[in-house]
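These are my notebook entries on a structure that was new to me. I set down what I looked up, step by step.

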Amino acid sequence: IAPTRDSHLDKQWYQRRVRERNDGTSTPHRSVVEFTCNRSNRQLAALGQDDCMTRFALSSDLVCKEEKVSCTVVKDGSTIDLSPLASTPLWITSSSVTIEGTVFVSLCSALPETLRCTDGAAACLQRSDNIDSLDLGHVSRGLDVTGTGVVELLYTGGSACPTDNSRTLSTRITFLCDKTATSVPKVVSVDNCEYGIEWETDLVCPEDVTPVSGCSVSDRQTGYIYDLKRLTRNSEFYQVTKANSKYLVNVCGTVDSCGSAGACVEENGLKVSLGTASSIETRLTDKTGEVVISYTGGDSCPNGDRKRSAVIEIMCCSASENELNLIDTDGCAYHFTLCSPYICQFDPKECDFKLGADVYDFSPLSRRHDNWVAVKEDRTFYLNPCRGINPTSDFHGCNENSIACMMEQGVSGSRSLGMIETRVQDRAPANESQILLTYSAGSEALCSRGARTEITFSCGNTLGKPIFTGERDCTYRFAWESFVACKESSKPVSSNSLIYEHPLSHARIDLSKAMPEEYFLGNSTLDLVYFSVAETLPGTIEHGACKDSNVCFKDLRSNRIVKFKTAALQLYARDESAELLIRSTTRCEDSSTSTWKGIVEYTCDDVTSAHFRTISHCHVLVGVTTPIVCSDYAGQHTRHFVSLMTALILIMSFIFGMLLLLYVCLNSSRRSRILRKIRALLPVRGARSQTLAYKRLRHEDSMSGILSDSDEEIVGL
């Protein structure tokens, strides 16, 4: 396969048989197929044939260029990343000029196929009559920085221009800095076949952060300290290969093969420094929370007027990635991204409060990676008290500072039901023993004043879960029974034991029999969890660091190991569930008195399995499904035993009745014959069975003349 020009490919097949030319020489016959881009349909056409070649044309969408580009650009040594805007597939613009319809635009990629626009269009004008649409341009290149320092994006190759058929429509999007903007694009001009759109956003505003030298930087909002020395490598440095050039990067250290360089590139057998390790500067971006390091003072640029430099953005990513990527370079400045779990931080919001003389701590309800879920018919609610919603693959588009978000079937995206900073706590009006948390300032798309959330907490034995109870006047209400709402600790049904009496069946339940087959429960982005309640974990796990524990948690950011032992446990049971509370001697990071706690939740299910659920603030939560805690589990075993004993009694009664019937109904001679046959089948140990011969006697015969001595003994019996 060989490219011929943009969006065209040639593919040739050579036949083994040959065709004789007119001059007597022979040559292989071949067929050539030229592929062209066509997004609407696929067609095959014959172009012609000569003595030794047949040509075809095949139009297909499979050879069209991908309608997507990178949404980042380097400006003044800093990276402008518009990916948060690009994550929304469709934007509806406003307009300050007169246009006959609505302009839809997508950022750095094509619009969704659901619109009645040309396939691959990144901007589209849907006319007011909804009859047809105008293609306003396709993705042709990525973000660019003009000579005046303005970030812009250009889409070209749209529909034919109505005022000039020799040209096509295009769209130019200009991004303007505004830290208070709501990020809504606006059509500001239609001139010379080009639509002009302005997009005000804080993502193009310069960072108000002063870099610091060294390998650590702190988050001013949370106080979290990023120590980048954990990313330093002594060998097998971070690397990526692009266009036959191999890039090597180290963090807070040198690349040994490149002298004093912290980053270098191997080109044509030569190693070029992209900056010295000693020149490192570190800063934390306000907008994305990413850690950025920079190296300067490298080898001379190709034009000789500057020294080469490198910028590395370190992003919170999975532990399995640790992936280095080259994003952009002009041959002098190099922009990389590096994935690592070590810069991820857990920022639990303050979640303890006082009501009267009582102090409550709701931090165990805060989830690090996922959210609490409540489902009601066609609506799904995601909640995360104390911390705010974690964006997951289940939903998107909800403000991360929301306490709750709702997704509804048939409605695109999710909507906020209240912001975490608006929390108000008080006693529930209907019941002073309950606690009411109220959140406001949710989505105005649900109502003009913004949606609200009310969660009524009542005291319970377990961590519990939210239950949606209804909605009224744009207020979404949930009920939650949990031990965090108790003024005093609930009394456990068992202490330091895995055995308890089932609350419903009153059967004896032993949770040690609900042990899953494997120790390792899996990992999240930042954590590993190992679990074994019935017995302690083997010494081979984590090089012996988890030895003599029942639950072992490893924080991949700091490599901290937290161990929990069931020697000090409390067991709570309710209906068809049970919960173990086990403690660790490891102190919480932000407390001199509190220690880590492990919670193991057992729920009724036909299959026994265990899974790592989440890590909340100083709490490890494990879920176990098992039939042992089901209310009919012990009853099933009792019923099976009773049924078996009943069947045995019936069988024995039947056999005894048949024997009694035979004994009564048969005369003495028949009974004797049957008994003799039974004795023959069951001979006495140590004796040989006798074979008896019978003969009809004549009246005049005497017994003594017929029987032998041994036979007389038998007859005598």
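Predicted model: local features only at pLDDT ≥ 70, side-chain atom pairs only at ≥ 80, totals over all residues.

Entry 1. A disulfide connects the two, with an S to S distance of 2.2 Å. About the S-S bond I read -135 degrees, and the link of Cys215 and Cys252 is left-handed. I then located both ends: Cys215 is in the loop between E21 and strand E22 (216–218), and Cys252 is in the loop between strand E25 (245–249) and E26, so the pair ties together parts that are 37 residues apart in sequence.

Entry 2. I asked how many disulfides there are by this rule. The count comes to eleven. I reminded myself that a disulfide is a covalent bond between the sulfur atoms of two cysteines.

Entry 3. I turned to Cys177 and Cys205, which form a disulfide with their sulfur atoms 2.1 Å apart. Cys177 belongs to strand E18 (residues 170–177), while Cys205 sits in the loop between strand E20 (194–201) and strand E21 (212–213), so this pair ties together parts that are 28 residues apart in sequence. Is the link left-handed or right-handed? The torsion about the S-S bond of Cys177 and Cys205 is about 105 degrees, so I recorded the disulfide as right-handed. Cys205, with a relative accessible area of 3%, is buried.

Entry 4. Next I looked up the disulfide that joins Cys117 to Cys124, where S to S is 1.9 Å. Its torsion about the S-S bond is about -85 degrees, so the disulfide of Cys117 and Cys124 is left-handed. I found both Cys117 and Cys124 buried. I also checked Cys339, which counts as buried because its relative accessibility is 8%.

Entry 5. Finally I traced a sheet. Four strands form an open sheet in the order E24-E25-E26-E27, with antiparallel pairing. Strand E24 (238–242) and strand E27 (270–273) are the edge strands, each pairing on one side only. On average, neighbouring strands of this sheet are turned by 20 degrees against each other, direction ignored. Strand E26 (residues 263–267) pairs with E27 in the antiparallel sense over four bridges. I looked up Cys264 and found that its bridge partner in E27 is Ser273.

How values were computed: Residues numbered from 1 in each chain as written. Heavy atoms only, no water. Pairing = 2+ DSSP bridges. Helix = DSSP H or I, 4+ residues; strand = E, 2+ residues; numbered from the N terminus. Axes fitted to C-alpha atoms, helices over the stretch in contact; angles between N-to-C directions. Disulfide = S-S within 2.5 Å. Buried < 20%, exposed > 50% of the residue type's maximum accessible area, 1.4 Å probe, protein only.
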